[in-house]
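Biologist: I would like to learn how to read a helical model. Could you take me through the features in turn?

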Amino acid sequence: REVDRLDQQRSEGDAYRDAVPVLQEATVARAHALYVGGVLAMNQGDQPEATRMLTECLAIRRDLGNPREIAASLSTLATLYVQQDELSKARDCEEEA
């Protein structure tokens with residue numbers, strides 16, 4: 001059932017959000033938790049939380065310097081900005097990615 005699937009996604013998203021504070025250091029694991037949590041929040045329609053998590057993820061990934069992970073974060077942020085009708089920000093993210 002669709003409702004059960006959405007409840008499971010919501011539970012998974014909550015689990016990632018709960019795990020993020022435990023991962024306080026700017027590490028690959030923290031960036032990944034923020035990325036997955038941000039994607040789940042985006043899929044659940046929680047755009048403010050998705051923006052917060054994905055933006056923090058991008059900042060960590062920039063500090064860590066992995067170009068592929070930076071590009072993935074930028075591209076996902078671009079998708080989020082399209083959903084928010086912030087097309088200029090979306091374009092900037094895709095161009096940088």
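**Reading the helices and the core**

Modeller: Of the chain's 97 residues, 32% count as buried. Keep in mind that this is a predicted model.

Biologist: How many helices and how many strands does the chain have?

Modeller: There are five helices and zero strands. Read from the N terminus, the elements run α-α-α-α-α. Among contacts between residues at least 6 apart in sequence, 46% join residues at least 24 apart.

Biologist: How do I describe the packing of two helices?

Modeller: Two packed helices are described by the angle between their axes and by the distance between those axes. Take helix α2 (residues 28-43) and helix α3 (residues 47-64): the angle is about 155 degrees and the axes are 8 Å apart. Angles over 145 degrees count as roughly antiparallel, and α2 and α3 are therefore roughly antiparallel to each other. Their crossing is left-handed.

Biologist: Which residues make the contact between α2 and α3?

Modeller: On the α2 side they include Ala 31, Leu 34, Tyr 35 and Met 42. On the α3 side they include Met 53, Glu 56, Cys 57 and Ile 60. The residues of this contact divide into 14 nonpolar, three polar and four charged.

Biologist: Glu 56 is one of the residues you named there. How exposed is Glu 56?

Modeller: Glu 56 lies in helix α3 and has a relative accessibility of 25%, so it counts as partly exposed. Leaving aside neighbours within four places in sequence, Glu 56 is in contact with Arg 30 and Leu 34. The C-alpha atoms of Glu 56 and Ala 31 are separated by 7.8 Å, although these residues are 25 apart along the chain.

Biologist: What is the angle between α4 and α5?

Modeller: It is about 165 degrees, with the axes 8 Å apart. The cut-off is again 145 degrees, and α4 and α5 are therefore roughly antiparallel to each other. The crossing of α4 and α5 is left-handed. Among the residues in contact are Leu 74, Leu 77 and Tyr 81 of α4, together with Leu 87, Ala 90 and Cys 93 of α5. This contact divides into eight nonpolar residues, one polar and three charged.

Biologist: How should I think about a nonpolar core, and which residues here touch the most other members?

Modeller: In soluble globular proteins, nonpolar side chains tend to be buried together. The largest nonpolar core here has 19 residues, and Leu 77, Leu 80 and Cys 93 touch the most other members. At least two residues of this core come from each of α2, α3, α4 (67-83) and α5 (87-96). Beyond its neighbours within four places in sequence, Leu 77 is in contact with Leu 54, Thr 55, Leu 58 and Cys 93.

Conventions: Residues numbered from 1 in each chain as written. Predicted model: local features only at pLDDT ≥ 70, side-chain atom pairs only at ≥ 80, totals over all residues. Heavy atoms only, no water. Axes fitted to C-alpha atoms, helices over the stretch in contact; angles between N-to-C directions. Helix = DSSP H or I, 4+ residues; strand = E, 2+ residues; numbered from the N terminus. Parallel < 35°, antiparallel > 145°, perpendicular 65-115°, else oblique. Left-handed = near helix turned anticlockwise from the far one by under 90°. Contact = heavy atoms within 4.5 Å. Nonpolar A, V, L, I, M, F, W, Y, C, P; charged D, E, K, R; others polar. Core = buried A, V, L, I, M, F, W, Y, C linked by side-chain atoms within 4.5 Å. Buried < 20%, exposed > 50% of the residue type's maximum accessible area, 1.4 Å probe, protein only.
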